Amino acid sequence: WGAKVAGKVGRSAVGFLSVRDDVTNFLFPATEWSSSAQREQQSTGTVLRYLYDIGASSTLGGLFTNREGDDYLNRVYGVDLDLRFSSKDTLRLQVLESETRYPHDIAEKYDQPTDEFTGRATDFFYAHQTRSDEVYAMYREISPGFRADLGFVSQTGFKHYDTGYLHVWQQNDPKHWYNRLQVWLGYEHDDDWDGNMLRSAPGTFVMYDGPLQSFLYGIFYFGKRTYLGNEYDDRTYDVRFFFNPVGNLRLGLRADGGDGIDYANNRPGTRFRLRPSMELFAGRHLRIDFNHIYETFDIDQGRLYTANLSEMRTIYQFNRRAFVRLI
């Protein structure tokens, strides 16, 4: 069963959700890996969210979640602030605390604490944005003991730093060779809870919007990454291109790859992935989507794997209330 209430009165907004499950899923996050488990055990999950409007565009909020069953408890509570103290400046801050107690057999089997334990998560973001420029800084830390079983937190015990500069060129002339052009320069860095480097990556991206609803995006990183004590190069790229040659057809191609890690054997490799796609609107009722993934991973000894995955979706919309879909 489940129940939900949501609404707004004056400057206050409230959301409430409570559900009973017959199966309880567990996610056990760590710094460089995560694992999961499932148990035939009832649990009740509850979420309470409150927001209070400050001025025209700022909010102060609170969050409470609770999932409980036999000999099991996960509770998260905290506050958050979204403050827009000028037309150009935005500050967001969230601080959460968690309390967790696992069933004894689950804790022992998956190497989790056998007693009740706590954790904390902190998120900070600041941006100064004008019509053509943006400068931002972000900091996030999640302690090893933090759990959010009604969310999806798959990594804990790390500290993340991210800062960058973005410049935008905008054109109002539809005949110009671009409509919108963006260039970003930034730096991302992750440490584990003891201060050891997990990832250090300066990067840049270019984003282009142009005629024929064309879109081109390319992001490139030039950094280092560690895994189980070994340091690897982390030079990667991700390039995407989409356009409409005619009004009812959209074509796309995405290529990404670079340095990779064979996590099963803790060794370096090179990954390449190519993803062509097509969206076709055949009249007002029929839509056909097709995409393919071709992926390879090479190590020093040769090809580790090759993958080919294709998917086609055909949707026929009879009216606003009925459709049939074939995958």
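This is a predicted model: local features need pLDDT of at least 70, side-chain atom pairs count only at pLDDT 80 or more; totals for chains, interfaces and linings use all residues.

Colleague: OK, so where does Tyr52 fall, buried, partly exposed or exposed?

Modeller: Tyr52 has 36% relative accessibility, so it counts as partly exposed. Its place is in strand β5.

Colleague: Which residues make the nonpolar surface patch?

Modeller: Val5, Val14, Phe16, Leu48, Tyr50, Tyr52, Ile54, Leu60, Phe64 and Tyr77 make that patch, and it covers about 810 Å². Two or more residues come from each of β2 (12–21), β5 (43–54) and β6 (58–69).

Colleague: And which element gives the most?

Modeller: That's β5, with four residues.

Colleague: Switching to the inside: how many residues are in the largest nonpolar core?

Modeller: There are 13, and Trp184, Phe205 and Ile219 have the most contacts inside that core. The elements giving two or more residues to this core are β9 (117–129), β10 (133–142), β11 (158–170), β13 (197–210) and β14 (214–227).

Colleague: What is Trp184 in contact with, leaving aside neighbours within four places in sequence?

Modeller: Tyr136, Gly164, Tyr165, Leu166, Gly203, Thr204, Phe205, Ile219 and Tyr221. Two of the residues named for the core, Phe205 and Ile219, turn up there too.

Colleague: Now rings. How many aromatic pairs are in the whole structure?

Modeller: The search finds 20. One of them is Phe26 with Tyr102, an edge-to-face pair at 6.0 Å centre to centre with 75° between the planes. That pair links distant parts of the chain, 76 residues apart: Phe26 is in strand β3 (residues 24–29), and Tyr102 is in the loop between β8 (89–101) and α1 (104–109).

Colleague: What about Phe241 and Phe243, how do they pair?

Modeller: Phe241 and Phe243 are stacked, 5.5 Å centre to centre with 20° between the planes. Phe241 is partly exposed, with a relative accessible area of 35%, and Phe243 is partly exposed at 23%.

Note on methods. Residues are numbered from 1 along each chain as its sequence is written. Side-chain values use heavy atoms; hydrogens and water are left out. Patches are made of residues with over 30% relative accessible area and no salt bridge: like charges are joined within 9 Å, nonpolar side chains (Val, Leu, Ile, Met, Phe, Trp, Tyr) within 5 Å. Accessible areas come from the Shrake-Rupley method with a 1.4 Å probe; for residues, only the protein chains shown count as cover. A salt bridge is a side-chain nitrogen of Lys or Arg within 4 Å of a carboxyl oxygen of Asp or Glu. Buried means under 20% relative accessible area, exposed over 50%, partly exposed in between (1.4 Å probe, protein chains only). A nonpolar core is a set of buried Ala, Val, Leu, Ile, Met, Phe, Trp, Tyr and Cys residues joined through side-chain atoms within 4.5 Å. Contact means heavy atoms within 4.5 Å. Rings of Phe, Tyr and Trp (its six-membered ring) pair if their centres lie within 6.5 Å; planes under 30 degrees apart count as stacked, over 60 as edge-to-face and the rest as tilted.
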